[in-house]
Amino acid sequence: MGHTRRVVPFTELGRGDVGRVGGKNASLGELTRRLTDAGLRVPPGFATTADAYEELLSGHGLRTRIQDQLDRLHDGVALEDVGAGIRSLIMGEPLPEVLTAEIVAAYEELGRELGRSDPGVAVRSSATAEDLPEASFAGQQDTYLNVSGAVQLVDAVHRCFASLYTDRAIDYRERMGFDHLQVALSVGVQLMVRSDLAGAGVIFTLDPESGFPNVVVVSAAWGLGETVVSGQTDPDEYTVFKPGIKDPALNPVIDVRIGAKRRKAVYAERGLTDTVDTTPEEQARRVLTDAEVRQLAEWAVAVEEHYGCPMDLEWAKDGITGDLAIVQARPETVQSRRRTTTLRRCRLTSAPGDALAEGIAVGEAIGAGAVCRMDTPVDLERFPAGAVLVTSITDPDWEPVMKRAAAIVTDHGGRTSHAAIVSRELGVPAVVGTGNATATLRDGAAVTVSCTEGSRGKVYAGRLPYEETETDLSALPATRTRVMLNLADPSAAFRWWRLPADGVGLARLEFIVAHQVKVHPMALLHPERLDASDRCAIDQLTEGYLDRGRYFTERLAYGIARIAASRWPDPVVVRTSDFKTNEYAKLLGGRPFEPVEANPMIGWRGASRYYSDGYREGFALECQALRRVREEMGLTNVSVMIPFCRTLEEADKVLEVMAAEGLRRGENGLKVYVMAEIPANILLAQDFAERFDGFSIGSNDLTQLTLGVDRDSEALAHVFDENDPAVTTLIRILLPRVQTLGRPVGLCGQRPSDDPAYAAFLVRAGIDSISVAPDSFAAVKQHVAAAEESRYGEDRTAPIGIRPAQADQPSAA
């Protein structure tokens with residue numbers, strides 16, 4: 001075997017060498033050879049080959065002895081006994097002398113190239129069946145960090161060889177149908193990046209929860225990256241809009257979420273690593289700047305384009321040089337394998353009550369069972385199949401337990417933690433990073449784990465009823481009437497990207513303000529009017545922001561941007577805030593700025609607030625957020641819609657205020673729409689059409705003001721009817737009046753979702769678009785198609801040709 005290459009530098013490896021050095025090392029070689037000239041930074045290193053591993057197995061009949069142990073497994077011997085036996089066999093067989101000599105020589109050469117002796121290196125296992133597009137072996141074998149010196153290095157390589165037979169690795173190969181002895185192990189030796197003095201994390205070139213392909217998601221924590229992957233810490237998360245990356249004039253970072261980051265991995269005083277607490281300052285501070293996030297995203301997109309598939313990468317930042325580097329890259333193996341034409345949905349069918357615990361939702365499913373709290377995974381038999389696993393964190397040793405669980409709940413971890421990654425691959429719903437699940441969930445108690453309510457997963461008491469539905473999106477009919485979405489929660493926006501909708505007809509700012517900003521905008525600008533308690537609460541919420549107005553605009557912009565990115569380049573119509581005074585007063589710090597009204601429903605709301613002294617500054621912040629989304633982030637598919645605009649004079653004042661804040665109708669393609677929810681909007685429709693680019697019928701308010709019925713009144717509920725002839729007549733009047741002027745008209749409301757006959761009425765009336773809740777989309781699309789077929793026959797999918805002036809106009813709703 002004199003010609004055998006036992007050790008090969010990354011510079012001589014490529015993606016075709018998976019069988020030789022495993023997926024991880026082949027990928028590092030590919031990145032080093034093909035992408036470093038394009039600016040990608042990859043720490044240097046080398047890899048042992050599969051031949052070197054096979055040489056070890058050939059010594060003293062080791063292969064036969066391993067097979068004997070595997071036969072015991074198939075005869076019913078416990079997995080942990082078999083795994084321990086094989087690892088003992090491998091560690092008991094000395095590495096071939098020639099292999100040891102080549103490893104040490106390559107290590108010394110690496111030191112000479114770097115100009116230092118005994119450089120610290122990462123020693124990582126790379127199985128020859130690893131990181132394939134159809135399966136991920138991430139975390140199955142061992143990794144050793146901060147390895148220094150030849151003796152420590154050779155020992156780490158030997159331990160990596162043995163880790164091919166950890167219990168979790170054996171179990172995974174059994175489950176995935178791989179022949180154990182056909183899988184060899186390569187070991188990668190790579191220069192350590194001093195991220196113990198800075199930070200590290202994970203990158204996905206799609207949204208790991210929904211599979212939405214138009215973003216890069218970067219997670220980041222202080223110290224070495226093992227705390228992020230293992231779930232020991234709750235990292236920051238940065239979302240980058242891919243289409244904006246290549247325009248240097250834009251800032252494509254469309255969302256930033258600061259994680260708790262309470263733990264970090266650092267170099268230990270006597271070799272390898274240790275995990276310590278972070279400081280309060282580190283917990284509050286971002287790990288990465290926008291410029292650094294952008295750099296990582298650019299590299300990730302370059303890797304994705306090179307490989308031609310979504311990627312899962314690991315990165316690190318050197319705290320001495322400040323340099324960023326990519327230290328691993330593998331194909332993403334969960335979302336990229338899902339059928340994009342099928343939408344599977346779960347929903348609870350009864351009111352759940354208050355959540356016992358909540359955290360980050362992983363997956364889009366529901367699971368129920370009895371709580372089984374476990375501190376370690378050693379007692380597999382104690383965990384009954386179909387139970388809900390509740391633990392602090394998971395690592396690869398937990399996988400035999402995890403695959404038996406109906407759901408998984410952890411105290412710690414983020415969306416890129418081990419628990420999250422494995423749960424997605426297993427198709428098991430998980431709620432990670434709850435902080436307190438092990439303390440609050442009683443062992444043996446029945447619970448329901450729901451990951452279908454946005455980004456926050458929740459654990460409820462009892463086994464709650466739920467239903468699962470599956471929709472073949474490819475079978476949905478085409479329609480000439482645009483069917484769009486009503487969206488409010490930015491964190492849930494990506495999950496609907498597969499729906500063939502024509503955009504977002506109504507994005508409500510109120511949800512973003514209430515749930516992500518949480519503070520009345522005027523309270524941020526005028527803290528002198530607040531009591532001590534509210535000032536203290538706002539100080540805590542806005543920590544790190546010297547400019548409190550910037551806190552509002554940044555959080556609001558991030559929320560709008562996620563919704564806009566989810567449908568790019570289709571139109572997204574954002575309605576400016578339409579809280580009533582009693583709702584505004586409930587925001588933190590809101591009471592001093594809101595009057596007490598007898599009937600807030602028809603009080604100081606919508607357009608009347610935007611130019612008034614009492615809210616003009618707050619509306620300016622809304623405008624600044626919208627301008628940031630359009631101009632800085634590049635999401636020019638965002639249009640603006642003004643609610644509850646009572647008079648023409650009011651319309652002029654609002655447009656004047658918007659222009660003063662840099663939002664001028666028609667400039668940079670900006671369209672401004674108006675809600676048609678007051679009879680005045682319809683009686684003076686042609687005059688409003690001179691001021692706005694389109695109309696969106698708010699059927700609830702239009703019915704309320706046409707019939708003189710408080711829509712919240714239980715006593716008058718029998719009178720409130722959107723199908724009343726007075727209301728439908730107004731709709732019939734509005735459509736031709738403004739459509740002949742090239743102004744589209746849409747309707748955003750629940751009625752078309754609940755009543756196919758109402759959808760048919762709108763189609764017959766010639767509505768341009770109907771905007772509905774995402775879970776109603778498929779049904780409404782079918783109702784609209786049926787109505788169009790009845791009206792237009794075979795020509796139902798042809799473009800509407802009677803109003804040529806509006807041909808290039810997006811729908812208002």
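# Notebook: a predicted model

I began at the end of a helix. H25 is followed by Gly708, whose phi is positive, near 65°. Helices (H or I, at least four residues) and strands (E, at least two) are DSSP runs, numbered from the N terminus.

I noted the ground rules next. Residues are numbered from 1 along each chain as its sequence is written, and side-chain values use heavy atoms, with hydrogens and water left out. The model is predicted, so local features need pLDDT of at least 70 and side-chain atom pairs count only at pLDDT 80 or more, while totals for chains, interfaces and linings use all residues.

**Entry: helix H25.** H25 covers residues 699-707. Which of its residues are buried? I found Ser699, Asp701, Leu702, Thr703 and Gln704. Buried means under 20% relative accessible area, exposed over 50%, and partly exposed in between (1.4 Å probe, protein chains only). These buried residues pack against strands S27 (672-676), S28 (695-698) and S29 (745-748), and against helices H23 (679-683) and H26 (725-739). Contact means heavy atoms within 4.5 Å.

**Entry: the whole protein.** I looked up 29 helices and 30 strands. Buried residues make up 59% of the 813 residues. The C-alpha trace spans about 95 × 55 × 50 Å along its principal axes. I also checked contacts between residues at least 6 apart in sequence: 70% join residues at least 24 apart.

**Entry: the cores.** The largest nonpolar core has 139 residues. A nonpolar core is a set of buried Ala, Val, Leu, Ile, Met, Phe, Trp, Tyr and Cys residues joined through side-chain atoms within 4.5 Å. Leu288, Trp315, Ile642 and Met658 have the most contacts inside this largest core. Helix H18 (residues 548-567) gives the largest share of this core, ten residues. Apart from this core lies another, of 43 residues, among them Tyr53, Val82, Leu99 and Val147.

What does Met658 touch? Not counting residues up to four places away in sequence, I listed Phe619, Cys623, Val640, Ile642, Leu663 and Val672.

**Entry: Thr32.** Thr32 sits in helix H1 (residues 18-34). Is Thr32 buried or exposed? Thr32 counts as buried, because its relative accessibility is 16%. Thr32 touches Phe10, Thr11 and Val42, again leaving out residues up to four places away in sequence.
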